[in-house]
Amino acid sequence: MKEQIKIHSDKSVLNFLKQFLPDKLCAVLFNLSGVDEERKFYSITKDEMEKLAAYFTNYKLNFTGVKGFKQAEATAGGIPLEEVRYQTMESKLQSGLFFAGEILDVDGLIGGYNFQWAWSSGYVAGKAAALNC
């Protein structure tokens, strides 16, 4: 955050932190810290910065459950990557069998990473499968 103050002193701290955390979580953490979320970097005191840093790096979230597979956006698990040739997405165990997307043991943060993995691995697998015919 000290570096960001130098680079973006007129930017709000909230806009900086929203790059890394969901908006709703940022709002809660600002509320808990007592620092106004619209404050600009240049106006944050050392004590406020330390308080914000503590909340944003050490706050413990207690999860109470999940909403199940009906509302899941991505699931973990699948075919281990050690069993796949990443250059072609072909199975190392069964030649001519290609994999892509979430059937493989790859999952990432929310925000399009799983979509990108599906598109990219699908492209690689499709090209390799077409050459394999």
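Visitor: Is Arg39 buried, partly exposed or exposed?

Guide: The model is a predicted one, in which local features need pLDDT of at least 70, side-chain atom pairs count only at pLDDT 80 or more, and totals for chains, interfaces and linings use all residues. Residues are numbered from 1 along each chain as its sequence is written, and side-chain values use heavy atoms, with hydrogens and water left out. Buried means under 20% relative accessible area, exposed means over 50%, and partly exposed lies in between, with a 1.4 Å probe and protein chains only. Because its relative accessible area is 22%, Arg39 is partly exposed.

Visitor: Which residue forms a salt bridge with Arg39, and how far apart are the closest N and O atoms?

Guide: A salt bridge is a side-chain nitrogen of Lys or Arg within 4 Å of a carboxyl oxygen of Asp or Glu, and the structure holds one. Arg39 forms its salt bridge with Glu48, and the closest N and O atoms are separated by 2.9 Å.

Visitor: With which residues is Ile44 in contact, leaving aside neighbours within four places in sequence?

Guide: Ile44 lies in the loop between α3 and α4, and its relative accessible area of 9% is why it counts as buried. Contact means heavy atoms within 4.5 Å. Apart from neighbours within four places in sequence, the contacts of Ile44 are Val13, Val35, Arg39 and Met49.

Visitor: What separation do the C-alpha atoms of Ile44 and Leu97 have?

Guide: These two residues are 53 residues apart along the chain. Their C-alpha atoms are separated by 56 Å.

Visitor: Which residues of helix α3 are buried, and why are they on the same side?

Guide: In α3, residues 23–33, the buried residues are Cys26, Leu29, Phe30 and Ser33. They share a side of α3 because they cover an arc of only 100° around the axis, the arc being that of the directions from the helix axis to the C-beta atoms. On the other side of α3, the exposed residues are Lys24 and Asn31. The cover over the buried residues of α3 includes α2 (13–17) and α4.

Visitor: Which residue other than glycine has a positive phi of about 65°?

Guide: Most residues other than glycine have a negative phi. The residue in question is found in the loop between β1 and β2, and its relative accessibility of 5% is why Met89 counts as buried. The positive phi of about 65° belongs to Met89.

Visitor: Which residues form a nonpolar patch on the surface?

Guide: Patches are made of residues with over 30% relative accessible area and no salt bridge, like charges being joined within 9 Å and nonpolar side chains (Val, Leu, Ile, Met, Phe, Trp, Tyr) within 5 Å. One member lies in the loop between α4 (46–58) and β1 (84–85), namely Leu61, and at 46% relative accessibility Leu61 counts as partly exposed. Together the patch residues have about 510 Å² of accessible area, found by the Shrake-Rupley method with a 1.4 Å probe, only the protein chains shown counting as cover for residues. The patch is formed by Val28, Leu32, Tyr59, Leu61 and Phe63.

Visitor: What radius of gyration does the protein chain have?

Guide: The C-alpha atoms fill a box of roughly 65 × 35 × 20 Å along the principal axes. The radius is taken over C-alpha atoms, and the globule rule is 2.2 Å times the number of residues to the power 0.38. A compact globule of 133 residues would be near 14 Å, but the protein chain has 22 Å.

Visitor: What share of the 133 residues is buried?

Guide: The protein chain exposes about 9,800 Å², of which carbon and sulfur atoms supply 56%. Buried residues make up 24%.

Technical notes: Helices (H or I, at least four residues) and strands (E, at least two) are DSSP runs, numbered from the N terminus.
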